[in-house]
Amino acid sequence: MFNRISTSALAAFAMLGAGAATAQTLVPSPTLDAIRTRGSLECGVHVGVPGFSFPNDKGEWSGLDVDYCRALAAAVLGDASKVKFTPTTVQQRWPVLQSGQVDLLSRNTTITFSRNASLGVNFQGINFYEGQTFIVRKASKATAAKDLDGASVCVAAGSTEEKNAADWFRERNLKVTITNFQKNDDAIAAYDAGRCDAYTAGVGALAGQRAKLKTPDEHIIMAEPISNDPQGPVTRYGDERWQAVVRWVLNGMIAAEALGVTSKNVDDMRANSKNAEVRRLLGAEGNFGAMLGLSNDWMFNAIKAVGNYGESFDRTVGSGSTLKLERGQNALWTKGGLLFTPPFQ
Amino acid sequence: MSARVRSSSLALWRARLFSTPLDSAISLLVLAGLIWAFAPLVRWALINATWAGESRADCVPGGACWVFIKARFGQFMYGFYPATERWRPNLFLGLALAGIVPLFWLEGRTRLRLGLVVLLTLPVLGVWLLGGGLGLRAVETRDWGGLMLTLFIAVYAGLISVPLGILLALGRQSRLPLVRTLSVVFIEFWRGVPIIAVIFLASLLLPLIMPAGVGVDRLARAVIGLGLVIAAYMAEAVRGGLQALPKGQTEAAAALGLGYWQTTGLITLPQALRISLPAMTNEFIALIKNTTLVLVVSILDLLGIAQGSLADPAWVGMNMEAYLFSGTIYWLICFALSRWSRSLEAGGPGSH
């Protein structure tokens, strides 16, 4: 209770100083109030996707989606450890969010129109561009799906991946032999044994499966997907201020990467950076945190604890992990990827 | 002495398997088939396996990587239960064994008294020890997991289902129409609903219906749901026992002037329970295996922890190890229970 009062008092003080531009009162946010009262963020994650959400040897949740929750906790409560995780299954995720058992979902969930329109949930940006792609042997020299003319692809019979791949090749008049197997595991084993030239699945899933192959280094995952399944944090309808917080913490992590702010140089950047956007992001200038009802060092805390998007990506699924996933579409827009954030202005 | 026993059992096996040339041929063929079928498994799980090391890199390809189980043993046993508090489940298990094992040796009134004390105190003590509060550090049920959680769900759902099942069985035999109808409806309803649907409803629908803030713990909801379903099955097992009793038993009790509760408590129920014990044990074994269904609402029991571990990129591809290990534990528990029930069947003075 004390926490709550002191934080809102702090926010009020910050607002007084903010001047005319931000002098309007904050829209009430029941979710933020609830998080402060209970002293922890409730984050719905996946029960287990390699690199995205999994318990490590110490029993701590880790992964790209988990990292985002920790950054959000650091931004809201000033402490990245003040987050509790509710693992959720595919069937469970919507009711758990809708009934208020979690403050948000951050769990490999594809953003679609019908989910947004009919489930009463909003998607707050994209933290992973997922899409169906192919894994091939490096020796084959194929780098994009169109190079697969005349090749064979192992798939699980009746899967969405089988249909997508068959449609894609037919549309382009490419002669690709689709070899069916009963299960995904059988299909990937057959690929590993050399029965097919390629195997197909989502980028994230392929990263996990490549690590299981006999010689992971000899295979590459094609960067250009043939389908489009972006994923990101989800909140329920209502409480717009909370939705803005969720959205801008993700944007902040991406902006930090674009601006070169990392967990290691964040102190130095806040003190010495001449870049106005960096100064606003880290709270050295302006009152951006206070405008959302947070403290002004919200993104400073988040980046200090978790790092920017790129650091988190490398650590969990990228070059610093066993999955060794290339950035691909998940690189910044300035580096050939799709990752983008509106400006902190 | 032992040599003679061995030679005689050897002779017995020879008589069974190698009495005629045809028998011998079939036996040898089956033996060869078994070796052919199991040799790769043994080679993988034992001979080529890696037992020592720290990480996946230490494991030799082509064999089981038991290092994985070693690294995650604590999680397999306790889930995310804080390491510094794991003495609490251990202590509870110790207390439970200390309370229950003497029941096998004691007799008569002492046994009854100890049994009652254990039954009334242990469940409460368990919730306190595991959950904390009142001087102990609180550990939320979301941090419980692994074998500890599997056993917790099985035992507590059992504690709900056995008494409730007995009451329902008696209710179904009752002469009072209302009691009988209610019991029949309850039993038939819960027997007709798939367990997985009950767990879903308890976990997903209840929070949507209930007003915000009024939350019954997720684990408690699953345990109660499972307990209600198994109670219906237990009731039918007990009813089988009740119906197996000859009419003469109740008639004799009535002739002695005993009322309904005295007849039930002293004459029919003790005999009926002894008869239905194997069937009830069967239900309990089924319950232990059904606990894995809580996975659908992501309560991470032994199987859930095994699956979660498989998502750790540091240990990718350990599916065989994880499932073999957890499967073996389930099998050991269920096998021990079924042996125990066999011994009761064979040894107890159950005939009348």
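## A parallel strand group in chain A

In chain A, strand β1 (residues 41–46) runs parallel to strand β5 (residues 104–105), and 2 bridges join them. This comes from a predicted model. Within that pairing, A:Cys43 stands opposite A:Leu104 of β5(A).

β1(A) also pairs with strand β4 (residues 83–88) of chain A. These two strands run parallel as well, joined by 6 bridges. Here A:Cys43 faces A:Phe85 in β4(A). How many of the residues of β1(A) are buried? The count is 6 of 6, so the strand is largely enclosed by the rest of the structure. In a regular strand the side chains alternate between the two faces of the sheet.

## Chain A overall

Chain A has 14 helices and 14 strands. Its C-alpha atoms fill a box of roughly 70 × 45 × 40 Å along the principal axes. The radius of gyration of chain A is 22 Å. A compact globule of 345 residues would have a value near 20 Å, so the two agree.

Of the 345 residues of chain A, 50% count as buried.

## A covered helix: α14 of chain A

Helix α14 (residues 309–316) of chain A is mostly covered, with 6 of its 8 residues buried. Which residues of α14(A) are buried? They are A:Tyr309, A:Gly310, A:Glu311, A:Ser312, A:Phe313 and A:Thr316.

Several elements of chain A cover these buried residues. Among them are the strand β3 (61–62) and the helix α3 (64–77). The cover also includes α9 (240–259) and α13 (298–306) of chain A.

## Two positive phi angles

Most residues other than glycine have a negative phi. A:Asn173 is not a glycine, yet its phi is positive, at about 55°. A:Asn173 sits in the loop between α6 (160–171) and β10 (177–181) of chain A. Is A:Asn173 buried or exposed? A:Asn173 counts as exposed, because it has 7 C-beta neighbours inside 10 Å, and the cut-off for exposed is 12 or fewer.

B:Ser298 has a positive phi too, of about 45°, and it is not a glycine. Its place is the loop between α12 (260–290) and α13 of chain B. B:Ser298 is buried, because 25 other C-beta atoms lie within 10 Å; the cut-off for buried is 20 or more.

## Chain B: domains and confidence

Chain B is divided into domain 1 (2–47) and domain 2 (68–81 + 139–347). The centres of these two domains of chain B, taken over C-alpha atoms, are separated by 39 Å.

The mean pLDDT of chain B is 88, and 95% of its residues reach 70 or more. Which element of chain B has the lowest mean pLDDT? Helix α1 (residues 2–17) of chain B does, at 70. Helix α8 (residues 177–192) of chain B has the highest, at 95. Where pLDDT is low, the predicted coordinates should not be read in detail.

## Where the chains meet

The contact takes 27 residues from chain A and 23 residues from chain B. On the side of chain B that touches chain A, α9 (195–209) and α13 (302–309) of chain B each supply at least two residues. By class, that side of chain B has 14 nonpolar, 6 polar and 3 charged residues. For the complex, the predictor gives an ipTM of 0.82 and a pTM of 0.85.

Conventions
Residues numbered from 1 in each chain as written. Chains lettered and ligands numbered in written order. Predicted model: local features only at pLDDT ≥ 70, side-chain atom pairs only at ≥ 80, totals over all residues. Domains from an automatic or database assignment. Helix = DSSP H or I, 4+ residues; strand = E, 2+ residues; numbered from the N terminus. Contact = placed C-beta atoms within 7 Å. Nonpolar A, V, L, I, M, F, W, Y, C, P; charged D, E, K, R; others polar. Rg over C-alpha atoms; globule rule 2.2 N^0.38 Å. pLDDT = per-residue confidence, 0-100. Pairing = 2+ DSSP bridges.
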